[in-house]
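Try each task yourself before you read its solution.

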Protein chains: 2
Amino acid sequence: MLSQTEENYIKAIFKINEREGKSASTNAIAALINTAAASVTDMVKRLATKDIVNYEKSKGVTLTTEGGRLATLLIRKHRIWEVFLCEKLGYTWDECHEIAEELEHIKDDELINRLEKYLGSPKFDPHGDPIPDSAGNFTLRAQVLLNEMREGDCGVVVGVQEHSTPFLQYLDRQMLNLGARIEVLELFEFDESVKLKLNGETDLIVSSRVSQNLFIKKI
Amino acid sequence: MLSQTEENYIKAIFKINEREGKSASTNAIAALINTAAASVTDMVKRLATKDIVNYEKSKGVTLTTEGGRLATLLIRKHRIWEVFLCEKLGYTWDECHEIAEELEHIKDDELINRLEKYLGSPKFDPHGDPIPDSAGNFTLRAQVLLNEMREGDCGVVVGVQEHSTPFLQYLDRQMLNLGARIEVLELFEFDESVKLKLNGETDLIVSSRVSQNLFIKKI
DNA sequence: GTTCAATTTTAGATTACCCTAAAAGTCTAT
DNA sequence: ATAGACTTTTAGGGTAATCTAAAATTGAAC
């Protein structure tokens, strides 16, 4: 059985592999989970003996098939718990992540399957991120970043790329929640800010920081 | 912050203190959590430096005020999670304990308070054990063991003293669930078995093992 | 009150995880 | 192609938790 620490390494390696599209460097892992590079080397060797990662000295780390399966299961657990916390216990999308970080380590596959069913088998978490099914398949969705849209385009907010608390709270304040309908009124090239019509009512200008991190499903 | 291991020791010491009505011996703790006595000595010393237990060499262990508070909070968490597992996810009363053993270690007092409210502030867990409120107060209830009742007495099943899976499954099979109404028809002294009328319908004879472990609220 | 059995503690080791400092390896720029 | 910068690994150690085996203590019986 895996320790919570091992599971956190697996998640970190998965995240880096996905984000960078290549093997995870020792330093990248160390930075992500806030440990010394030497500790990462230790752990990665251990995970390699368990056939969870592929590792060659100084060549970076990738997940094996089994490692990928474990990472996907952890993401599944995390996101399902997030849905529970927000929908049933009234946590906000900026609060749920931290508690889910703990809950995702509960060892019981049956539990997460029952919880999923109890929640109505949601396909996306409170941030709009897809929840893998028990076989590890993600529901894909046609989506673009706001800054890829043109004037006149319409869409619905379906997700966020950045998950920081300040960003999420900013979106709450502007009523840019998941499900909000938007129309791109004007693109300002000089600072890449965007003027929107929100839910057919409010006009709103958002910065490039926002438009680079908001996923929209065009309609 | 306490480790899961430390929390498990606290719970064990609390349980023994309650059950025996006196300080917990090294051996008793070791037996309960399945470790070597030497490990217990080590851990108890550590907990003593944190002012969680009172410890003098070879004199047994008791919880300090703070230790008692922590133990009660753990019991609260455990029992609230049990209610969640049984009522919302359909686990049975013999299955829920093990998963709750893990969930009780999630560190977030707000979480357990929200979960309690979500569940309708239950006062008893699926085994009929009282759930302490956030201040640590248990709801008391007038109850007797079945073997303390006399012929002709009536009551309702409100709890179990033994929590083993075989016992709970036996009770399920006999329909002796929490809330079942019983009347004591006959007491057989020779083997201390008891003949009951169950829910005003079925006649049933149960062994002394059962009558010593079933809590009844007389009516 | 001494002896013997049971309990408890100490001693010494192991494993998982973490660290710092130094050595080794890799990459880039000239 | 080599110097210098950066990355990674090794070496050596620390802490929390565990164990077994041996020593010390406690307490019960005679």
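This is a predicted model: local features need pLDDT of at least 70, side-chain atom pairs count only at pLDDT 80 or more; totals for chains, interfaces and linings use all residues.

Residues are numbered from 1 along each chain as its sequence is written, while chains are lettered from A and ligands numbered from 1 in the order in which they are written.

**Exercise 1. The DNA surfaces**

Task: Find the residues that surround DNA strand D, and then those that surround DNA strand C.

Solution: 
- Step 1. Now look at the elements, where helices (H or I, at least four residues) and strands (E, at least two) are DSSP runs, numbered from the N terminus. At least two residues each come from helix 2 (26–33) and helix 3 (37–49) of chain A and from helix 1 (4–20) and helix 3 (37–49) of chain B. Helix 3 of chain B gives the most, 5 residues.
- Step 2. Sort by class: Ala, Val, Leu, Ile, Met, Phe, Trp, Tyr, Cys and Pro count as nonpolar, Asp, Glu, Lys and Arg as charged, and the others, Gly among them, as polar. The surface near DNA strand D has 5 nonpolar, 11 polar and 4 charged residues.
- Step 3. Turn to DNA strand C, which 20 residues surround; S3(A), A38(A), S25(B), N27(B) and A38(B) are the closest. The largest share, 5 residues, belongs to helix 3 of chain A.

**Exercise 2. Two chains and an axis**

Task: Describe the contact between chain A and chain B, and work out how chain A can be laid on chain B.

Solution: 
- Step 1. Two residues are in contact if their C-beta atoms, placed from the backbone, lie within 7 Å. The contact takes 13 residues from chain A and 13 residues from chain B.
- Step 2. On the side of chain A that touches chain B, helix 5 (96–103) and helix 6 (109–118) of chain A each supply at least two residues. Helix 6 of chain A gives the most, with 4 residues.
- Step 3. By class, this side of chain A holds 7 nonpolar, 1 polar and 5 charged residues.
- Step 4. Superpose the copies by least squares on the C-alpha atoms of residues with pLDDT of at least 70 in both.
- Step 5. The same surface serves both copies, since 100% of the contact residues of chain A recur in chain B.

**Exercise 3. The sheet of chain A**

Solution: 
- Step 1. Two strands pair if DSSP finds at least two bridges between them. The open sheet has 6 strands in the order 3-8-4-5-6-7, with antiparallel pairing.
- Step 2. Strand 3 (144–145) and strand 7 (202–206) of chain A are the edge strands, as each pairs on one side only.
- Step 3. Follow the pairs. Strand 3 and strand 8 of chain A share 2 bridges, and V144(A) stands opposite I216(A). Strand 4 of chain A is joined to strand 8 (residues 214–218) by 5 bridges, with I216(A) as the bridge partner of V157(A). Another 3 bridges join strand 4 (residues 154–160) to strand 5 (residues 181–188) of chain A, where V156(A) has R181(A) as its partner.

**Exercise 4. Core and loop**

Task: Which residues touch the most other members of the largest nonpolar core, and is T64(B) buried or partly exposed?

Solution: 
- Step 1. A residue is buried if 20 or more other C-beta atoms lie within 10 Å of its own, exposed if 12 or fewer, and partly exposed in between, with C-beta atoms placed from the backbone. A nonpolar core is a set of buried Ala, Val, Leu, Ile, Met, Phe, Trp, Tyr and Cys residues joined through C-beta atoms within 7 Å.
- Step 2. The largest core has 31 residues, of which L85(A), V157(A), L214(A) and I216(A) touch the most other members. Helix 4 of chain A gives the most to this core, with 5 residues.
- Step 3. T64(B) lies in the loop between strand 2 (61–63) and helix 4 (65–87) of chain B. T64(B) is partly exposed, because 16 other C-beta atoms lie within 10 Å.

Terms used
A residue is near a molecule or strand if its C-beta atom, placed from the backbone, lies within 6 Å of it.
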